[in-house]
Amino acid sequence: MFRIEKIGENEFYTKALGTMPPSVAERFISEFNEKTKNLSSFSVIVDGLDFILLNLKSFEIILDFLKKNNDRLVRSAYIVADNPVLDKEAQILLERAESSKRKIVASLEEAKEWIGIEDIIIKRD
């Protein structure tokens, strides 16, 4: 499960929950692409504090997505829970995405600093 929120003109906050099977990974990419299709650049905070495990096929889907967005990405921060398996998965994913614009951080505050925003306001539908 996931949620994507626009938190600035070109900034997004995504929240990942539980596990991410391939069908959910594909739906995430589709929704994210729809929200960013008219933007020449964007930054994103990926909140993985409630994320458990990434399916291998989902890993490949997301890696391909990250590589395709390297040119439009300004910066992204990945908040990872104290989960050694997930931490290693995130580290490998970011290394293979081949961009120094992506960083694993320990907290939302550190993520906001890396992205360059002060506040996050999430609006309810």
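How many of the 125 residues of the protein chain count as buried? The share is 46%, where buried means under 20% relative accessible area, exposed means over 50% and partly exposed lies in between (1.4 Å probe, protein chains only).

A quick note on the ground rules: this is a predicted model, so local features need pLDDT of at least 70 and side-chain atom pairs count only at pLDDT 80 or more, while totals for chains, interfaces and linings use all residues. Residues are numbered from 1 along each chain as its sequence is written, and side-chain values use heavy atoms, with hydrogens and water left out.

**The overall layout**

The protein chain has four helices and five strands, in the order β-β-α-β-α-β-α-β-α from the N terminus. These elements are DSSP runs numbered from the N terminus: helices are H or I with at least four residues, strands are E with at least two. Take the contacts in the chain (heavy atoms within 4.5 Å) with a separation of 6 or more: 78% of them join residues 24 or more positions apart. The chain exposes about 7400 Å², and carbon and sulfur atoms supply 50% of that; the areas come from the Shrake-Rupley method with a 1.4 Å probe.

| Residue | Strand | Relative accessibility |
|---|---|---|
| Ile4 | β1 (residues 2-6) | 7% |
| Thr14 | β2 (residues 11-20) | 3% |

Leaving aside neighbours within four places in sequence, Ile4 touches Phe12, Tyr13, Thr14, Phe28, Glu31, Phe32 and Lys35.

**Helix against helix**

Two packed helices are described by the angle between their axes and the distance between the axes. Here, the axes of α1 (residues 22-36) and α2 (residues 56-68) come within 8 Å and cross at roughly 20 degrees. That's why the two helices, α1 and α2, count as roughly parallel, a label for angles under 35 degrees. The crossing of α1 past α2 is right-handed, with the near helix turned clockwise from the far one by less than a right angle.

On the α1 side, the contact involves Pro22, Ala25, Glu26, Phe28, Ile29, Phe32 and Asn33; α2 brings Lys57, Ser58, Ile61, Ile62 and Phe65. By class, that makes eight nonpolar, two polar and two charged residues.

Note on methods
Axes fitted to C-alpha atoms, helices over the stretch in contact; angles between N-to-C directions. Parallel < 35°, antiparallel > 145°, perpendicular 65-115°, else oblique. Nonpolar A, V, L, I, M, F, W, Y, C, P; charged D, E, K, R; others polar.
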